[in-house]
Amino acid sequence: MPRLLLAALAALLALPAAAATPTTGASTSLDLETIMADADWMGQPVESPYWSVDGRGIYYELKRDGSSVRDLYRADPSSGRSVKLDPAAMAGADGPAVFDRAHRHAAFVLHGDIFLVDLATGQRRQVTLTTQRESSPQFSADGRALQYRAGNDWFTYDLAKGISAPVAELKFADDPQAKQPDDLGQLQLDLFKTLRAIKADKTAVRERTQALEAADAGRAPQPFWLGDKIKLVNSALSPNGRWLLLVTEPKGYKDGKASVVNHYVTDSGYTEAEDARSYVGRADPAPQSLLLLDLTQHQSYPLKTDALPGITTDPLADLRKQTMAALEQAGKADQAKALKAPNVRPVTVNYGGIVWSADGQNVAVQLRAIDNKDRWIVSVDFARHALVNQQRLTDPAWINWSFNDIGWLKDGRTLWYLSEHGGYSRLYAKPLDGKARDLTGAGKFEVSAPQLSADGQWFYVLTNKVAPYSYDVYRVPAAGGGLSRLTQYQGVDGFELSPDGRQLAVLHGSPYLFDQLAVVDAADGSAKELTHTMKSAYLAHDWIAPKIVEVPSSHGAGVIYSKYYGPANEADAPASRPAVIFIHGAGYLQDVTLQATPYFREQMFNNLLVRQGYVVLDMDYRGSAGYGRDWRTAIYRHMGHPELEDLLDGKAWLVKHHGVDPARVGLYGGSYGGFMTEMALLRAPGEFAAGAAQRPVSDWTSYNHEYTSNILNDPQLDPQAYKTSSPIEYAANLRDPLLMQHGLIDNNVMASDTIRLYQRFIELHKKNFWISLYPMERHGFVHADSWYDEYRRIDELFDTYVKPVRERGAP
C-alpha cells in the first residue's frame, strides 16, 4: 500500500460542505501531544447511513467538532453533493424506513414518533405525538394498518380511519373475576340466593362484554390477566394481527449484588458512588419463557421448551460431577447441591431473535441456552401451540454472540439464518418442512450482515472471502448459486440496500481513512464516492502503511495474521533493534484488516515508535474474530495461554526476519490487550523487557457474566478455568517492569482489578511495577489530557526498559 494513498484518494472523493480540503506536500513532524489530542483534528468517520424513503437520498451523521453532538447530513447519490441539515430541515427528514408488501406506503421513527408516507404522492402523515418513544413500525399483512410499539405495548393504526388502538391490554396480576370462592365463600353462596344472583349477573355481564368485543373490532380489547409471577421482557406482534408473542421472566429475579465505582472529581465536591454491574457467577441471567396470545380467541398458551433436542442433556456433566465431588469431599455439601443440573436447561431469547413472516402465518424464534452451549431456531405450530425445532447449533465451547441473523424468504415459508455449523459463518436457507442448504459455498471465510433484496431474488452479504483481512460486499441468489463480488474496497465496514434494491450505501475505510460513504450499483458494483471527511493536517503526515504478514505458529495453529510497522528502508536499519508488540482488546475482535482500525491512536503511536527506532507488530492472536470457529474457541477454559504462544511466535518472527534483539521487546495493550500484557509478563517472565497494561482484567472472577461465562463457564462450576486464566494467580512470577493504568470510574473492567493486583505485588515485595489512575475516565478514555498522560508514561517505560542495549540479565 503506498504511503501517500490518502493523498491520491483525496482527488477522487466528493466533499461534503463540512469537510476540509486535503493537501499534499511535505510531511509534518509527529509528536505525542498531536497524536493524543482530541481526534477532531483528524476528521470524523461517517456514521449510521440510511436511505430516504424515496430512495433519492442517503442520510448520515458526522460528529461535530468540539462536541459529542452528531449532525445529520443528506447526500444526493446522483450529484454527490452533501448538505448538513439545520433544525428546521431535520424536522422534515426521514428516518430508517420500513415498507408495506405492495410498496405503497413507508413508515419510520423520527424523534421518537411514528410517521407514515404515501409513496405515490409523497404525502407525509404523523401518526403519533407523545412524550413516550414509539418504535418498531411494521405494516399489517393486508397493508391496511400500521403496527408499532410504545415500550412493550403494541398499537395498530388504521390507515383509512386514522385511528390508533391498542392490540392488547396486558395485566400482570390475577384476574379478580376468575377468583374462586374458598370454603367460607362457597358456604355463603350455598346459603343465600341473593349472593348467587349477584354472582350470576356479574358473569353474564362479563360474557356479554367478551362476545361484543369478539364481534366488534371497534371496541377496546379486554385485558389479558397474566398473573403476578412474571414480568414482560419483550413482545412481537404478528403482521396479520392474530398473535402476540411475549418473552417473560420471573418477577423479582435477583441479578446479584452490583459492584460500585466512586467518582472522586465531581461537581458537588463530594465523593459520589455509582452502581455498576454484578460479577460473573453471582447470578445467572434470568431464565426466559415464551407466551403466545391469541388475540382473536382471547386465549394464552405457554410455549414449552422441554421437547427441544438436547434441552434435557447436561453438556457440562463431566465437569459438574468432578466439581461436585471435590466440594463434597471438602465438606461443602450445600455448595455441591447448588450445582445440580436442572432437568430442563433454562434459555433466553436472543436479542432480535423473533421474526414474523410478512403474512403473519409463521414466526421464527432464536433461543440460547444459559449455559452458552446451544442455540435453537424454532418455529411455532399454532394449531398445537408448540415449538418446532428448525435448527440446533451446539458447541462444546460456546455459541458465538455474532452470526445470529435470521429472517424469512419472500414465500414466508422458508427460513434463512447464519450459522457456524461448518466451522465458519455461512448463510443457510431452510423450508419449514425441508432440509437446510448452504447458499454461500465452502471455504475458510466468514459471511455476515445478510440483507435480502426487496424482490426476494438476491442476498447481499459482507464477507472476507478473498483473504481474512479483506472485507467486501458480495451478492448471492436467494436460491443459491455462489457468491459474486460487488465492491473492491477491501475495507468495507457496512452497507444498506436502497428501497428499490438497485443501489447500496457502503461504508468503507482503510488503515488511515475513517469510514466514508459511497453509493454502489447493486448489479455491476460500479461506485461513486459521496464523502471525504478527513482533514488536511492529518493527511499531511507520511503515515507508515502497515504490512500484513503471516507469522507461522509453532503450536500447530497455522499462521497468525499480523500487521508489521517498520522503517521505509529496512536495509538502512541497524542490525539489532528494539521492538514493541501491540495487543488489541476485546479478545474476539479483528484488528488485522484493511478496514479503518478502531485503534487509530495506537496506530499513530506505532508510527511514532518506528520513528524512534523500534519496529512494531500487531497480532490477531487466537481468540480473534474473522478466522472461524476453531480460532475463536481455542481459548476455551484457558484464556491467555494460546494467545501467549502466539505472542511468543510473533517475537520469534521479529527476531528472525527483522533483526530484533530478543532482549528488547516490549508489550502494550488495553482491556483484553492489558490482560494479555499481564499474562505475558507473569507467565513468561524474562521473555519481554517491559509491558504496559491499560484497563486490564486481572481477575476474571470480577468481570461480567455475559462475556466471561461463555469462555470460562461459571466460577462455581469451573473454578480451575478462572485460576488458569487470571493474571492475579501468577503475581509471584513478576520480574519484568510492568506499568498498569486504569480509569477510576471504569464501569466495565473495574479499577479494583488493577488495584487488587497492585496490592498482591506489594505483599509479594515485588519491584518495578507502577500504577497510574485516571479519576475522570471510564473504560474508553475520552479526555485528551488523559490519553497524553497515559501514552507519555508508556513511551517513557519503553525508552527506559526496552530501547537501551543491555547485557543479558542486567536490570
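Of the 811 residues of the chain, 52% count as buried, where buried means under 20% relative accessible area with a 1.4 Å probe, protein chains only. This is a predicted model, in which local features need pLDDT of at least 70, side-chain atom pairs count only at pLDDT 80 or more, and totals for chains, interfaces and linings use all residues. Residues are numbered from 1 along each chain as its sequence is written, and side-chain values use heavy atoms, without hydrogens and water.

The chain has 16 helices and 44 strands; these are DSSP runs numbered from the N terminus, helices being H or I with at least four residues and strands E with at least two. Its C-alpha trace spans about 105 × 75 × 60 Å along the principal axes.

Two strands pair if DSSP finds at least two bridges between them. Strands of a sheet pair through backbone hydrogen bonds.

Strand 1 is joined to strand 2 (residues 58-63) by three bridges, and the two run antiparallel. Tyr-50 stands opposite Tyr-59 in strand 2.

Helix 16 covers residues 784-801. Its 18 residues should span 26 Å at 1.5 Å a residue, and its end C-alpha atoms are 26 Å apart, which agrees; the expected span is 1.5 Å times one less than the number of residues. Buried residues of helix 16 include Trp-787, Tyr-791, Ile-794 and Phe-798. An α-helix has 3.6 residues a turn, so residues three or four places apart point the same way.

Note on methods:
Buried means under 20% relative accessible area, exposed over 50%, partly exposed in between (1.4 Å probe, protein chains only).
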